[in-house]
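Thanks for coming, everyone. Let me put today's structure on the screen, and then we'll walk through it.

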Amino acid sequence: MHETRSDVAAATTSDPHDRRDDSHDRADDESQRHREDPGDSRGRKDGVGLPFGRPGRPISGTPFTFGFTAALGVLSAWLLVQALTATGSVLIVISMALFLAVGLNPVVEWLQQRGVARRLAIAAVFLLVIACFTGFAFAIVPALSDQAGQFVKQLPSYVAQLQNNPQVRELDQRYGLLERGAQYLTSGQLGQQLFGGILGVASIVISAVFTTLTLLILTLYFLAALPSITRTGYRLVPKSRRPRVQMLGDEILRRVGGYVAGNLLISLIAGVTTFIFLSIAGVPYALPLSIIVAITDLIPLIGAGIGAAIATLSALFVSLPVTIATLVFFIVYQQVENYWIAPKVMKSSVDVPAATTIVAALIGGTLLGVVGALLAIPAAAALQLIVAEVVLPRQERH
């Protein structure tokens with residue numbers, strides 16, 4: 001055993017001249033390998049040993065490359081525009097659902113602060129929304145069907161009144177209006193157009209019902225997932241800027257939610273007040289008319305005028321004094337709403353100047369119609385907050 005260890009030690013502690021000779025041998029072998037191998041790094045750098053020569057510079061600056069890249073960019077932009085155009089209606093529904101979810105979230109949080117679980121609070125709020133839609137349908141549909149039935153019953157009397165009118169009789173003698181009308185009624189064109197009109201109305205009704213159901217379902221999903229959506233959105237921001245972005249985002253959501261809740265409250269006040277007045281004045285279908293006034297009151301600028309015009313025209317079927325009284329009521333109520341109710345309700349939610357409100361509503365209405373007008377004011381409030389808290393302080397530092 002002792003002799004074996006000595007042999008190992010002797011083998012490990014060999015002559016240093018032998019180690020130098022071994023290193024020289026390895027160096028010679030390496031140099032020989034480099035000379036024999038045509039693919040070494042120095043050879044590649046000098047272009048020696050490459051079968052097709054050293055590669056040149058990339059051809060990134062040629063006109064062909066620039067034109068091809070520009071064409072791809074234009075094509076991508078065109079495809080993106082076409083995709084947005086094709087999915088425009090879907091994007092509008094998604095935006096409205098998210099808008100309603102943000103607006104209903106303060107009510108859910110209010111219930112949560114009083115010990116109600118979030119799921120139960122969402123269910124209660126959603127059931128209330130469904131009840132409102134159902135009440136609107138049950139109030140409008142019977143009134144429309146009744147009015148259509150009365151018009152069909154009174155149609156012969158309307159025709160008789162036209163025949164007894166001297167001006168209509170004179171026009172009939174000159175141009176044969178009644179004869180042409182009779183020929184049109186007896187021909188098959190009326191049936192074809194009426195059937196096509198019925199199919200068109202049915203398709204519109206089915207599309208409206210489907211859109212409403214889709215809107216309600218998306219609103220429910222967004223309302224349930226709103227905390228996780230906001231958390232995910234904040235995580236996309238760099239960590240150093242995340243606290244400030246979160247504070248600004250929470251404030252924007254609070255203002256948008258306050259705007260939606262306040263606008264709904266103002267519309268509810270308008271509908272209840274209109275129902276009380278029309279019931280006292282004896283105007284028929286007071287409930288459907290008050291619901292129409294409440295819904296149109298949600299539209300900025302022109303909504304209140306549309307609802308007032310519909311209710312005033314309906315009062316013409318009662319009497320002229322009732323019509324004048326209805327018109328005076330809406331004029332007085334609009335002044336009270338604009339200068340007392342709306343400032344009281346909106347003082348803690350959205351503080352947007354009147355000029356900004358008008359410009360935003362006009363631009364939103366031009367771009368997306370009624371939906372754009374509804375979304376324009378909270379969008380202007382969010383933009384105003386970003387300008388006041390981000391843009392202006394940055395400009396003051398430079």
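Start with the surface. The protein exposes about 27700 Å². Carbon and sulfur atoms supply 68% of that area. Keep in mind that this is a predicted model.

Now the inside. The protein has 398 residues, and 24% of them are buried.

What is the chain built from? Helices: there are 14 of them, and zero strands.

Let's zoom in on one helix, α13. Helix α13 covers residues 320–346. I'll show you two of its partners.

Partner one is α10, residues 242–281. The axes of α10 and α13 come within 11 Å. They cross at roughly 155 degrees. An angle over 145 counts as roughly antiparallel, so α10 is roughly antiparallel to α13. The crossing of α10 past α13 is right-handed. Who sits in that contact? By class, 17 residues are nonpolar, six are polar and one is charged.

Partner two is α12, residues 303–315. Here the axes of α12 and α13 come within 8 Å. The crossing angle is roughly 165 degrees. That makes α12 roughly antiparallel to α13 as well. And α12 passes α13 in a right-handed crossing.

Which residues meet there? On the α12 side, we have Ala304, Ala308, Ala311, Thr312 and Ala315. On the α13 side, they meet Val322, Thr323, Thr326, Leu327, Phe330 and Gln334. Sorted by class, this contact of α12 with α13 has seven nonpolar residues, four polar ones and no charged ones.

Let me finish on a single residue. Thr326 lies in α13. Is Thr326 buried or exposed? Its relative accessibility is 0%, so Thr326 counts as buried; the cut-off for buried is under 20%.

What does Thr326 touch, leaving aside its neighbours within four places in sequence? Thr326 is in contact with Phe277, Leu278, Ala311, Thr312 and Ala315. Now place those on the helices. Ala311, Thr312 and Ala315 are in α12. Residues 242–281 form α10, and that stretch takes in Phe277 and Leu278. In this predicted model, then, Thr326 in α13 has contacts with residues of both partners we looked at.

Terms used. Residues are numbered from 1 along each chain as its sequence is written. This is a predicted model: local features need pLDDT of at least 70, side-chain atom pairs count only at pLDDT 80 or more; totals for chains, interfaces and linings use all residues. Side-chain values use heavy atoms; hydrogens and water are left out. Helices (H or I, at least four residues) and strands (E, at least two) are DSSP runs, numbered from the N terminus. Buried means under 20% relative accessible area, exposed over 50%, partly exposed in between (1.4 Å probe, protein chains only). Accessible areas come from the Shrake-Rupley method with a 1.4 Å probe; for residues, only the protein chains shown count as cover. Axes are lines fitted to C-alpha atoms, for helices over the stretch in contact, and angles run from 0 to 180 degrees between N-to-C directions. Angles under 35 degrees count as roughly parallel, over 145 as roughly antiparallel, 65 to 115 as roughly perpendicular and the rest as oblique. A crossing is left-handed if the near helix is turned anticlockwise from the far one by less than a right angle, and right-handed if clockwise. Ala, Val, Leu, Ile, Met, Phe, Trp, Tyr, Cys and Pro count as nonpolar, Asp, Glu, Lys and Arg as charged, and the others, Gly among them, as polar. Contact means heavy atoms within 4.5 Å.
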